[in-house]
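I opened the notebook to go through this chain piece by piece. What I looked up is set down below, in the order I took it.

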Amino acid sequence: MAVKIKTQFGIIDISNEVIATVVGGAATEIFGIVGMASKNQIRDNLNDILKKENYSRGVVVRQEDNGVAVDVYIIVSYGTKISEVSRNVQEKVKYNLESMLGISANAVNVYVQGVRVLND
C-alpha cells in the first residue's frame, strides 16, 4: 500500500518502503540510538549477508485516513535517558516526514526493544 498525493500535474505514489527508509534514517541519527530492532528476521538477515544497507529495519508503517502511523523499534545505549531519546525520535521522524515527503504523521510510536552497553 502506498500514500497517494494529488497535485495539479498528476498523482504521486510514495510506497511504505520509502516512508520506512526515511523514518529509519531519521531515527538512526539520534544520539543514544545504537541500532534498530528487527521486525522481519528473515529479510533483515538476508540483507546482512548481502551487506545491504537497510534503514527500514525496525519500522512498521500503517496507512490512516489523513496520514500515516509509524512504529519504530529501537535499541538504545546504556546510560542515556530513554524517555528523552524516545521523544527526540518522535520529533525527528515527524519533522522528516513532513519536510521530505509532505506526509503528516498521526502517530509515531517508539518501542525500546533493548539496551546495549557499548565498550569504549
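I began at glycine 24. Leaving out residues up to four places away in sequence, glycine 24 touches Met36, Tyr55 and Val59; I took contact as heavy atoms within 4.5 Å. Glycine 24 sits in helix H1. Its relative accessible area is 0%, so I logged glycine 24 as buried. My cut-offs were under 20% relative accessible area for buried, over 50% for exposed and in between for partly exposed, with a 1.4 Å probe and protein chains only. From glycine 24 to tyrosine 73 I found 9.5 Å, C-alpha to C-alpha, across 49 residues of sequence.

A note on the source. This is a predicted model, where local features need pLDDT of at least 70 and side-chain atom pairs count only at pLDDT 80 or more, while totals for chains, interfaces and linings use all residues. I number residues from 1 along each chain as its sequence is written, and side-chain values use heavy atoms, with hydrogens and water left out.

**Overall layout**

I listed three helices and six strands. These are DSSP runs, numbered from the N terminus: helices are H or I with at least four residues, strands are E with at least two. Along the sequence I read β-β-α-β-α-β-β-α-β. Of the 120 residues, 39% count as buried. Of the contacts between residues at least 6 apart in sequence, 67% join residues at least 24 apart.

**Strand S5**

Next I followed S5. Eleven of its eleven residues are buried. I checked its partners, counting two strands as paired if DSSP finds at least two bridges between them.

- Strand S3 (residues 33–36) pairs with S5 in the antiparallel sense over three bridges. Methionine 36 stands opposite isoleucine 74 there.
- Strand S4 (residues 59–64) is also antiparallel to S5, over six bridges. Valine 61 has valine 70 in S5 as its bridge partner. Two residues lie between S4 and S5 in their hairpin.
- S6 runs parallel to S5, over ten bridges. The chain gets from S5 to S6 through helix H3 (residues 82–101), and this β-α-β crossover is right-handed. By that I mean a clockwise path from the first strand over the helix to the second, with the strands pointing away from the viewer.

**The tyrosine pair**

How many aromatic pairs does the structure hold? I found one. The ring centres of tyrosine 73 and tyrosine 111 are 4.8 Å apart with planes at 15°, so the pair is stacked. The test: ring centres of Phe, Tyr and Trp (its six-membered ring) within 6.5 Å, with planes under 30 degrees apart as stacked, over 60 as edge-to-face and the rest as tilted. Tyrosine 73 lies in strand S5 (residues 67–77) and tyrosine 111 in strand S6 (residues 105–116), 38 residues apart. The two tyrosines are bridge partners as well. Tyrosine 73 is buried at 12% relative accessibility, whereas tyrosine 111 is partly exposed at 34%.

**The core**

Last, I looked at the largest nonpolar core, which has 27 residues. Such a core is a set of buried Ala, Val, Leu, Ile, Met, Phe, Trp, Tyr and Cys residues joined through side-chain atoms within 4.5 Å. Ile19, Val23, Val68, Val72, Ile74, Val89 and Leu97 touch the most other members. Helix H1 (16–28), S3, S4, S5, H3 and S6 each supply at least two residues. H1 gives the most, with six. I also checked valine 68: beyond its neighbours within four places in sequence, its contacts include Ile19, Val61 and Leu97.
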